[in-house]
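Have the viewer open as you read.

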Amino acid sequence: MAGLYNSQFVQRLTRGVKGLLPMWDVSEKANISLLTVSENATFLIQDEARNQRFIIRVHRPNYHSKKEILSELMWIQSLRHQQVLNTPEPLTMTDGSLVAEFDDEGAARYVVAFEFLPGDQPNEDESLVAGFELLGATSAKLHQHAKNWTLPDGFERKKWNFESAFGPEPLWGDWREALGLDEQGKVVLEQLCQLLESQ
């Protein structure tokens, strides 16, 4: 792993998650395994003694506020209640709240749990056409829901536009510092940014 999510950082996150497990009425002896690392770190929790299996997402530091995370969960719950998509259900803690947190060297790390939904990755040897058709249909449903949904009071999310993605202070950091981006790639992307900004 490179960048923020190096092995020491993941070990710290794992310890933080372990300390929170009783908040979902799960034993600290449950098995914790890292599934993926992208914007956030996602863990699979398996408590064989209680026949429990669920997902925990540890949010990237200093990115989404607790209010923004709760807003995202409101949207997910709306998708579920309106039967737009079969999204994983956010799991409440024993105190009824949805967002936990732990201290990571002085920074608050926000944590959310979701029910486990089984699934499989596409096989490299099979056609991906049906999968992309499903992806397109799913995207259309999400866009339609977002267009028609009345935002709840207090809903707060970051806005994605040219400035927030490519401007002087982009939300995900400067794309010019991306790992593996060579000079030729920078030239092409600079031209793309100029074109997008002129539109």
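1. Let's begin with the inventory. The protein chain has 5 helices and 6 strands, and reading along the sequence gives the pattern α-β-β-β-α-β-β-β-α-α-α. Keep in mind that this is a predicted model.

2. On confidence: the protein chain has an average pLDDT of 90, with 97% of the residues scoring at least 70. Taken element by element, the lowest mean pLDDT is 88, in helix H4 (residues 162-166), and the highest is 96, in strand E4 (residues 90-91).

3. Overall dimensions next. The C-alpha trace spans about 55 × 45 × 40 Å along its principal axes. Of the 199 residues in the protein chain, 30% are buried. The chain exposes about 13200 Å², and carbon and sulfur atoms supply 51% of that area. If you look at contacts between residues at least 6 apart in sequence, 57% of them join residues at least 24 apart.

4. Strand E3 (residues 52-58) is largely enclosed by the rest of the structure, because 5 of its 7 residues are buried.

5. E3 also has a partner in E6: the two run antiparallel and are joined by 5 bridges. For a landmark in the viewer, find Ile-56, which stands opposite Ala-113 in E6.

6. Thr-42 is a handy residue for looking at the E2 side of this. Thr-42 sits in strand E2 (residues 41-47) and stands opposite Arg-57 in E3. Is Thr-42 buried or exposed? Its relative accessibility is 17%, so Thr-42 counts as buried, the cut-off being under 20%. Leaving out neighbours within four places in sequence, Thr-42 is in contact with Ile-55, Ile-56 and Arg-57, and also with Ser-33, Leu-34, Leu-35 and Thr-36.

7. E5 and E6 make another hairpin, with 2 residues between the strands and a positive phi of about 50° at Glu-105 in the turn. The pairing is antiparallel over 5 bridges, and Ala-100 stands opposite Val-111 in E6.

8. What does its side chain reach? A polar contact of 3.4 Å joins it to the side chain of His-64, and one of its polar atoms lies 2.8 Å from the backbone nitrogen of Ser-65. Not counting residues up to four places away in sequence, Glu-68 touches Tyr-63, Glu-156, Arg-157 and Lys-158.

9. Ser-127 is in the loop between strand E6 (107-115) and helix H3 (129-148). With a relative accessibility of 55%, Ser-127 counts as exposed, and its side chain reaches the backbone nitrogen of Val-129 at 3.3 Å. For a sense of distance, the C-alpha atoms of Ser-127 and Pro-88 are separated by 26 Å, with the two residues 39 apart along the chain.

10. Last, helix H5 (residues 183-198). Its 16 residues reach 23 Å from first C-alpha to last, close to the 22 Å expected at 1.5 Å a residue. At the start of H5, a side-chain oxygen of Asp-182 comes to within 3.3 Å of the backbone nitrogen of Gln-184.

Technical notes:
Residues numbered from 1 in each chain as written. Predicted model: local features only at pLDDT ≥ 70, side-chain atom pairs only at ≥ 80, totals over all residues. Heavy atoms only, no water. pLDDT = per-residue confidence, 0-100. Helix = DSSP H or I, 4+ residues; strand = E, 2+ residues; numbered from the N terminus. Buried < 20%, exposed > 50% of the residue type's maximum accessible area, 1.4 Å probe, protein only. Contact = heavy atoms within 4.5 Å. Polar contact = N/O pair within 3.5 Å; in protein donor to acceptor, adjacent residues only side chain to side chain. Expected span 1.5 Å × (residues − 1). Pairing = 2+ DSSP bridges. Areas by Shrake-Rupley, 256 points an atom, 1.4 Å probe, with all protein chains shown as cover.
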